[in-house]
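This report describes selected features of the structure shown below.

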Amino acid sequence: MTVGIPSPPPSSRSRSATEKELDRLFEGTALTFALFILLLLVAIGLLVLVQAWPAVKEYGLSFLWTSAWNPVEGRQAFGVLPMVYGTLLTSALSLLIAVPLGLGTALFLSENFIPLKIRTVLVFLVELLAAIPSVVYGLWGIFVLIPALKWCFGLFGVSFTGPSILAASLVLSVMILPIITAISRDSLAALPPELRQGSYGLGATRWGTIFRVLIPAAISGIVGGVMLALGRAMGETMAVTMLVGNANTISSSLLQPGNTIASLLANQFAEAKGIQVAALMYAAFILVILTLIVNILADWIVRKLQAKYD
Amino acid sequence: MIEPGLRRIVESIMNPTSIANDVVLRAKDCDIYYGAYRAVRDVSVDIPQHKVTAFIGPSGCGKSTVLRCFNRLNDLIEVFHLKGKMTYHGQDLYAADVDPVEVRRRIGMVFQKPNPFPKTIYDNIAYGPRISNYQGDMDELVETSLRRAALWDEVKDKLQESGFSLSGGQQQRLCIARTIAVQPEVVLMDEPCSALDPISTLKVEELMKELIQDYTIIIVTHNMQQATRVADYTAFFNAEVVEGAGGKVGYLAEFDETQKIFSDPVQPETRDYVTGRFG
């Protein structure tokens, strides 16, 4: 078989050397930016680790499971267990509250329960929730939420002092709500309309369509949003500091004060010196690792779910 | 005094839409509105049982819109409303006490673009029966549905794989299998082959001929050869520009046996369309 002469391209104009050079330049620039982010991340991690090194040497891994936190000179003892406990507990609690609420809001806003115009306004309002500074959330917690909780618990004769794991978790849940709602709504709205029609066409109810088709199809986006929210909850500092009570103890009651790593750092850094700085840095490093684990876990879950549905 | 038999023949000549004796779906003087805009006007058509009825016509003439009215899928569009009467075995489809979900279980739909759910092949088929609380043997139903859709041999070894792993033609047959798994009486098909290659198209067409023994099929198609190949009856829709109405208004131009529509239509516009003079 002979190879025919290929017909000339529709335009005889060939790309000039400068054009090709520009392409390469663009590629290089993008690569540099991407590497910069990577470098930044590594630098932060290394810096924290280097500063934490004295404490790492001193306390080793037992830092993770001891509860003493005593910065008094001569009697120094540092253990981060109550703060890890507080961090994980407040995050988990806030997720427990915010996930159903956020997913419900997202569904409501992506379905046509109400006219589009009102929906658009509501979507905007939810996103506005994310724009409120965390110190304002803290103040709201102190002046509105805690008095309200006090009154509520008072009805049942339960004494409630105020700053506590519960108060912090509740405010955290409000703070992460817009993240979960916005991302879930986006992934639900991005589903092809054929999916919905296909389900309705088979005689599915709206309820069945939402829970058996739409949520499973959007699950990777929803989980992604939840994990992002979890990251935010774990790292949130200001509002939590104002509400959590900052007590370095492990208490089984949610009504008792506790502490989180981020809150610990915010409270103690200003006056810390010597080995305490190192201990705080060690705690910060642990927070970074915790967040990293959460992110890896999230990625793994999203992959697992996608593999199931794609 | 005319003989009754003769009278029927005379009537059928006078009013060709009354040829069919077993009418499943009937539209009577239907106008379809989107808000104030009338998209389709004056549709009166009788869909005969166990036959394939094709809706043909140029783009934007409202064939799909009319089709979607039959299983109330247009309800999803907020501004949609219907004037006139649509009946299913004499029952008004748009009566206040009619549950659209119930309607859609009896009148299934296959869409233009294959739209399998992001689930396994098995679950795609089982979805409909599950939501309508099917009590029988699910494995058996899945197999029968896939066999009827001429897909079983191609997928029997990978029922637990995703529906998206199939080719476009297979996906469309999966969607047909999914629709017949709920055992509807009528299957509406909205250009089911427009996204398919000729071989897959042929398979779907053969499938329709198989299914017609148990189902009534309405198919919207842009492909006139397809209409002549599969349809017993054909409805030709056309559209006209109406001044001040904000766009085109579709209407039913002619409805008759397919053979008559394509060889000896009454309306000149039908003749022009089927001979390819416009559209």
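## Salt bridges and basis of the model

Over all chains, the structure holds 23 salt bridges, a salt bridge being a side-chain nitrogen of Lys or Arg within 4 Å of a carboxyl oxygen of Asp or Glu. The model is predicted, so local features need pLDDT of at least 70 and side-chain atom pairs count only at pLDDT 80 or more, while totals for chains, interfaces and linings use all residues. Side-chain values use heavy atoms, with hydrogens and water left out; residues are numbered from 1 along each chain as its sequence is written, and chains are lettered from A and ligands numbered from 1 in the order in which they are written.

In chain A, one network of salt bridges links A:Glu111, A:Arg196 and A:Arg206.

## Individual ion pairs in chain B

The side chains of B:Glu102 and B:Arg106 meet in a salt bridge with an N to O distance of 3.7 Å. Both residues belong to helix α3 (residues 100-106) of chain B, where they are four residues apart and therefore separated by about one helical turn. Helices are DSSP runs of H or I with at least four residues, strands are runs of E with at least two, and both are numbered from the N terminus. B:Arg106 is partly exposed at a relative accessible area of 43%, and B:Glu102 is likewise partly exposed, at 36%. In these terms, buried means under 20% relative accessible area, exposed means over 50%, and partly exposed lies in between (1.4 Å probe, protein chains only).

A further salt bridge joins B:Asp153 to B:Lys156, with the closest N and O atoms 3.6 Å apart. B:Asp153 is exposed, with a relative accessible area of 59%, whereas B:Lys156 is partly exposed at 38%.

Which parts of the chain does the pair B:Glu205 and B:Arg229 tie together? The two residues form a salt bridge whose closest N and O atoms are 2.6 Å apart. B:Glu205 lies in helix α8 (residues 198-211) of chain B and B:Arg229 in helix α9 (residues 224-230) of chain B, so the pair ties together parts that are 24 residues apart in sequence. B:Glu205 is buried, with a relative accessible area of 2%, while B:Arg229 is partly exposed at 37%.

## Helix packing

Two packed helices are described by the angle between their axes and the distance between the axes. Axes are lines fitted to C-alpha atoms, for helices over the stretch in contact, and angles run from 0 to 180 degrees between N-to-C directions. Angles under 35 degrees count as roughly parallel, over 145 as roughly antiparallel, 65 to 115 as roughly perpendicular and the rest as oblique. A crossing is left-handed if the near helix is turned anticlockwise from the far one by less than a right angle, and right-handed if clockwise.

Within chain A, the axes of helix α5 (residues 165-189) and helix α7 (residues 206-235) come within 8 Å and cross at roughly 150°. α5(A) and α7(A) are therefore roughly antiparallel to each other, and their crossing is right-handed. Helix α7(A) also packs against helix α4 (residues 121-131) of chain B, at an angle of about 155° and with the axes 12 Å apart. This makes α7(A) roughly antiparallel to α4(B); the crossing of α7(A) and α4(B) is right-handed.

Within chain B, the axes of helix α7 (residues 168-181) and α8(B) come within 9 Å and cross at roughly 20°. α7(B) is thus roughly parallel to α8(B), and the crossing of α7(B) and α8(B) is right-handed.

## Nonpolar surface patch

A nonpolar patch on the surface has about 740 Å² of accessible area together, and its residues are A:Ile132, A:Val135, A:Val136, A:Leu139, A:Trp140, A:Ile142, A:Phe143, A:Val144 and A:Met238. Helix α4 (residues 134-155) of chain A contributes the largest share, seven residues. A:Phe143 is found in α4 of chain A and counts as exposed, at 61% relative accessibility.

Patches are made of residues with over 30% relative accessible area and no salt bridge; like charges are joined within 9 Å, and nonpolar side chains (Val, Leu, Ile, Met, Phe, Trp, Tyr) within 5 Å. Accessible areas come from the Shrake-Rupley method with a 1.4 Å probe, and for residues only the protein chains shown count as cover.

## Positive phi angles

B:His89 is not a glycine, although its phi is positive, at about 50°. B:His89 lies in the loop between β4 (80-88) and β5 (91-92) of chain B and is partly exposed, with a relative accessible area of 42%.

Is B:Glu191 buried or exposed? B:Glu191, with a positive phi near 45° in a residue other than glycine, is found in the loop between β7 (186-190) and α8 of chain B. B:Glu191 is buried, with a relative accessible area of 10%.
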